[in-house]
Amino acid sequence: MESFFAIGLIIGKLAVVIAILLVLPIPLTWIERKIAGHIQQRLGPMRVGWHGLLQPLADGIKLLTKEDHIPAEADRFLFTLAPIIALVPPFLVFVAIPIGDSVTIFGTEITLYLADMNVGLLYILAVAGIEVYGVIFAGWASNSKYAVLGSLRTCAQMISYEIPMGFSVIGVVMLAHSMSLLDIVEAQAGLWNVVYQPLGFFVFFVAGLAEAQRIPFDLPEAEGDLCAGYHTEYSGIRFSFFMISEYLIVVFLSALIVLLFFGGWHGILIPLPPVVWFLLKLSFFIWVFMWLRFTFPRYRYDQLMSIGWKVLLPLSLANILISGIFML
Amino acid sequence: MRERMEKVDMVAKVARKVSGWIGWAFFLDLLDGLSLTLSYMFSKTITERYPDDEKWIPFPRYRGHHFLKSNAEGKTNCVACELCSRICPCRCITVVPHEDEDGERHPQVFEIDLGRCLFCGLCEDACPADAIALGRHYEFCDHDSKTLVVGRDALMAMPGKVERGGEVVAARLSTEVGVTVTATGDGEGVDWWRHIRRR
């Protein structure tokens, strides 16, 4: 009986997480368009529903009813596989992301995470790395020069920025003596890691921007010079898979920044429920990602590479060195 | 004295360079851009919600749909001299004069092909009787080019010029009979430039 209940709880939590993640891109597109509009002193979507709230639904219906076109010369198997490979890793990552410690409802203690792995951070970085396969497959299978160029750029970019990203979290792991995200958050109960690790936070943030393929590092889909990069040939629901994955990666990176550097669900000054604190910080970082997008122009390709290898990598190594010296 | 000046210059130059490097290292230029977009994000928008809620009233100098002015008895001012049709660069005005029951010369046919008109306003300049002018109306696109040929009575019914103009007034979009945007707020509108920043 006990084990049945436990399994039911896990399945229930899984269903809730999947439902939330599938629905989440809908408000996010609306918020992003609103932020874009207001930065440019426009109003953004206004006509569908109150202040354009139903605009994402209209867009979704449009994408669903569009022709699902596969180019004649495309590799059909990889072409259909690629959006799924791009979509799955962001979902897998959220298995290891806790949004709180635990709450007690009706006398039973419910943990607000799906799995507390002792190598949670490693798992997250590893699974997030799979996402690049979707992009490479999409570009290669499309059999189009823009798509191939975009996916080659993505390949180089994501692989080079994963290295400083991985190095920048080592300082956090050293402070917490653990790779479990719960332990990392517990270790920040007193003072947030961003105070101890400002350099690590900076490197992680910039590398995260590049990993999420957001402006100023959106070279993979630079619409100015590559149409849309790797998803040039995609349309309809397959295209929306790439979009959903892009928004989920933004959410996941914001969550990771909050967990690793901004104390997770530990609040300051104002006593709020831990989950509320976590969601507030999460939405703040999502907003920052969108704010950056509509402020900066795109970096040139050589600048992107030199920032990754000549600036971020030495900085992340220096961060490990400095943390080590201070811990001795 | 001169050596001292050179020294001061050197120090200022080095200080400028050092502060430039500090700014570069801490991304001061990026922060500058971010603060600008942040201030814009929380400033008033300048969007004119045109067909749904608002409508722009053109200035008096605006050259919109033509209209024929009429006198106190409701007759047109036009004396059918055909000067407008002569000066028209697109040959889009057709005037056929006739003599009415009072013995006055008036147009029997006065047609303007809006599909050909380039809205230069030369007809307005050429008119000796102050009869034709280009007014405030600007929503007259159509699917059928034949409906763009407007006759005398329709031209007389067209709205004239505005007194002040250049304002945004409340309006309502209606799709019941065709598509029309009617201004609901009469009189004072708001200045469209009210939220636009000028440095």
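Predicted model: local features only at pLDDT ≥ 70, side-chain atom pairs only at ≥ 80, totals over all residues.
Student: What does the C-alpha trace of chain B span along its principal axes?

Tutor: Taken along the principal axes, the C-alpha trace of chain B spans about 100 × 50 × 30 Å.

Student: How many helices and strands are there in chain B, and in what pattern along the sequence?

Tutor: Chain B holds five helices and nine strands. Follow the sequence of chain B and they come in the pattern α-α-β-β-α-β-β-α-β-β-α-β-β-β.

Student: What percentage of the residues of chain B count as buried?

Tutor: Here a residue is buried if 20 or more other C-beta atoms lie within 10 Å of its own. Applied to the 199 residues of chain B, that cut-off gives 15%.

Student: Which element gives the most to the side of domain 1 of chain A that touches domain 2 of chain A?

Tutor: In chain A, domain 1 is 1–65 and domain 2 is 74–100 + 115–327, with 20 Å between their C-alpha centres. Their contact takes twelve residues from domain 1 of chain A and 14 residues from domain 2 of chain A. On the domain 1 side, the elements giving two or more residues are α1 (2–23), α2 (25–39) and α3 (55–65) of chain A. The one that gives the most, with six residues, is α2(A).

Student: How many nonpolar residues are on that side of domain 1 of chain A?

Tutor: Sorting that side by class gives one charged residue and no polar ones. The nonpolar residues there number eleven.

Student: And where chain B touches chain A, how many polar residues does the side of chain B have?

Tutor: The contact between the chains takes twelve residues from chain A and eleven residues from chain B. By class, the chain B side has four nonpolar residues and two charged ones, and its polar residues number five.

Technical notes: Residues numbered from 1 in each chain as written. Chains lettered and ligands numbered in written order. Contact = placed C-beta atoms within 7 Å. Nonpolar A, V, L, I, M, F, W, Y, C, P; charged D, E, K, R; others polar. Helix = DSSP H or I, 4+ residues; strand = E, 2+ residues; numbered from the N terminus. Buried ≥ 20, exposed ≤ 12 C-beta atoms within 10 Å, placed from the backbone. Domains from an automatic or database assignment.
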